[in-house]
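Q: Could you take me through this structure feature by feature, giving the rule behind each reading before the case itself?

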There are 2 protein chains.
Amino acid sequence: MTIRTPFTTLFNIEHPIVSAPMGGVAGGALAAAVSNSGALGLVGGGYGDLDWLRRELTIVREATRKPWGVGVITWHANEAAVDLALSFEPPVFFLSFGDPRPYARRIKAKGVKLVCQVQDLASARLALEAGADALVAHGAEGGGHGATRGAMPLVPAVVDLAGKTPVLAAGGIADGRGLAAALMLGAAGALIGTRFYATIEAIGEAQAKRALVEASGDDTLRTRVFDMARNYDWPMQYTGRAINNEFSERWHGRENALQAQLPAEQARYQAAATVGNYDVKMVWASEAIDLICEVEPAANIVARVAAEAEALLKRAASVCAS
Amino acid sequence: MTIRTPFTTLFNIEHPIVSAPMGGVAGGALAAAVSNSGALGLVGGGYGDLDWLRRELTIVREATRKPWGVGVITWHANEAAVDLALSFEPPVFFLSFGDPRPYARRIKAKGVKLVCQVQDLASARLALEAGADALVAHGAEGGGHGATRGAMPLVPAVVDLAGKTPVLAAGGIADGRGLAAALMLGAAGALIGTRFYATIEAIGEAQAKRALVEASGDDTLRTRVFDMARNYDWPMQYTGRAINNEFSERWHGRENALQAQLPAEQARYQAAATVGNYDVKMVWASEAIDLICEVEPAANIVARVAAEAEALLKRAASVCAS
């Protein structure tokens, strides 16, 4: 048994599940493991380190014969990164955070399917104008960068706007309950991030993955302070959801004070990141970490999420009583 | 056909839908209309105006023989308001925003069912300790006061915590898709606010209700500036989601500047509120206003949301293909 949706049909995959292209976390090994499990694995091109991208795309292309994809941060992207990624002939290209139109033609001209992640109705309209083959309605509950709207109301509103273009739900989904809920909202599947960070295959330190298992969604916050510390000039509408730590406890809400001593704090952050001091270094995390109980192989997650969702959908009718 | 859940059974109602006790909006007429439609209608006791409460509770008690309820703002409540409400023998008492334990014993001693709205796992634990008969996992997408966590990940996490205690989902739900999604997340129903504000029976000016129809979820924001202008000293963890207007455009993010000239701005707000000037006066609104297309009788909404959800649940199994 599998769940068939317009997304699984169009993208030729078995399960309506996509792993998010988490920068620095979703390398070729994770993407290939997800794709080999029947879902769609994405490599996270992040800020466009070409050597990193070349290495990880080489890995994924060699490790799977199933559909896979690559994502970049749209506002930070450049033609070199996009062209390098396209040279690997990815079946799917994923653009998030910014106007996709400057790159859409180039991507679609190669016959590559374009998926655009959107955070509100305004960005959904841009993505449809860009000719996206599918949209991801991305709620603020998610880990890492995002905006303010929540998945529960955003998904059906984007579905209504998108017409026949399939929409995936993202933000706060980590198990089969979330996937089944996404389908009820009208989505054709779910994009899942943080749950795939807590896998064997994800790139990342054991301490960070363990934090995803141990912390609660109550402990996460959306903040700008880690981007300031890392010297990334994200557009103001995007913040990053991370597990609250000593650094964010100290500076979140005091961004002007942080700005006033930024060089010193950037140096302190860099030093902490180098030695894996997570009192200062951030761990991006979804509110859905409440639902994460162990670090495990990505294939287990794909199989379990799909099976849980299928079981829920199959017995959904039984709550309707005459 | 109706949807049966542990909540409908325990509260002896037909549909797993509850109308939120919106202060100043959910009076006796709305609560009675919702209850008479087979859902559970709640009167919003708000800040505890005893004359208002006595009038509206008199209305609801006379207008329905079905179960109904009354809610108060926990941190602002006092024994006079709680005892007045209890004197009307409400089948259900609803506490939100604050520690429910000081009032729980008094309420439950009367044989009244206690529902506690929670915004995170920490407040869910307090509600369980208070002996709540049901919890509402309340996402930040919702209109009016709320906190930061999103419904999509909060609902299943609260369900896991609550064990056999039924959990309703709230925040960003305005149609049958949202109710069906809530049930997939493990909830036993949905609490719906703003959708019931845009009804004939809700208390409120026509211009405010029209704004709910015309604005988009993209236009809403969580802010503290309207509480400052109205001189309500809400605990810092709670903000109110409203439609952005000239007042919030001017002051949101500049709360210190607003504080510095608060008496003048409070007077300006009061004057604008008196004449219904919505460039200044706020309209609380959920992100789900994208899904609201007209002001209509509450009974229509109950019937439609229930029917939509039933239809989705009944065909849910059909997306599972062998």
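A: Let us begin with charged pairs: a salt bridge is a side-chain nitrogen of Lys or Arg within 4 Å of a carboxyl oxygen of Asp or Glu. In this predicted model, local features need pLDDT of at least 70 and side-chain atom pairs count only at pLDDT 80 or more, whereas totals for chains, interfaces and linings use all residues. Side-chain values use heavy atoms, with hydrogens and water left out, residues are numbered from 1 along each chain as its sequence is written, and chains are lettered from A and ligands numbered from 1 in the order in which they are written.

Q: Which residues are linked in a network of salt bridges?

A: The network links Arg149(A) with Asp218(B), Arg241(B), Glu287(B) and Asp290(B). Over all chains the count by this rule is 36 salt bridges, and between chain B and chain A it is eight. One bridge between the chains joins the side chains of Asp290(A) and Arg149(B) at 2.9 Å, N to O.

Q: How is the area buried between chain B and chain A to be read?

A: The size of an interface is often given as the accessible area lost when the parts come together. Here buried area is the accessible area (1.4 Å probe) that two parts lose on being put together, summed over both. Between chain B and chain A about 3,700 Å² is buried, and carbon and sulfur atoms give 64% of that. In chain B, the residues that lose the most area to chain A are Met152(B), Arg177(B) and Met184(B), together 20% of what that side buries. Counted by contact (heavy atoms within 4.5 Å), 44 residues of chain B meet 44 residues of chain A.

Q: What is the count of residue pairs in polar contact between chain B and chain A?

A: A polar contact is a pair of N or O atoms within 3.5 Å; within protein, one must be able to donate a hydrogen and the other to accept it, and residues adjacent in sequence count only if both atoms are side-chain atoms. By that rule there are 18 such residue pairs between chain B and chain A, both residues being at pLDDT 80 or more.

Q: Which helix of chain A is joined to Asp160(B) through Arg177(A)?

A: Helices (H or I, at least four residues) and strands (E, at least two) are DSSP runs, numbered from the N terminus. Arg177(A) forms a salt bridge with Asp160(B), the closest N and O atoms being 2.9 Å apart, and the pair crosses from helix α8 of chain A to helix α7 of chain B.

Q: Is Arg177(A) buried or exposed?

A: Buried means under 20% relative accessible area, exposed over 50%, and partly exposed in between (1.4 Å probe, protein chains only). Arg177(A), with a relative accessible area of 17%, is buried, whereas Asp160(B), at 47%, is partly exposed. In helix α8 of chain A (residues 176-184), nine of its nine residues are buried. Asp175(A) caps the N-terminal end of α8(A), with a side-chain oxygen 3.0 Å from the backbone nitrogen of Arg177(A), and just after the helix Gly186(A) takes a positive phi of about 105°.

Q: Which parts of chain B does the pair of Lys108(B) and Asp133(B) tie together?

A: Lys108(B) and Asp133(B) form a salt bridge, with the closest N and O atoms 3.5 Å apart. Lys108(B) lies in helix α5 of chain B and Asp133(B) in the loop between α6 and β7 (134-138), so the pair ties together parts that are 25 residues apart in sequence.
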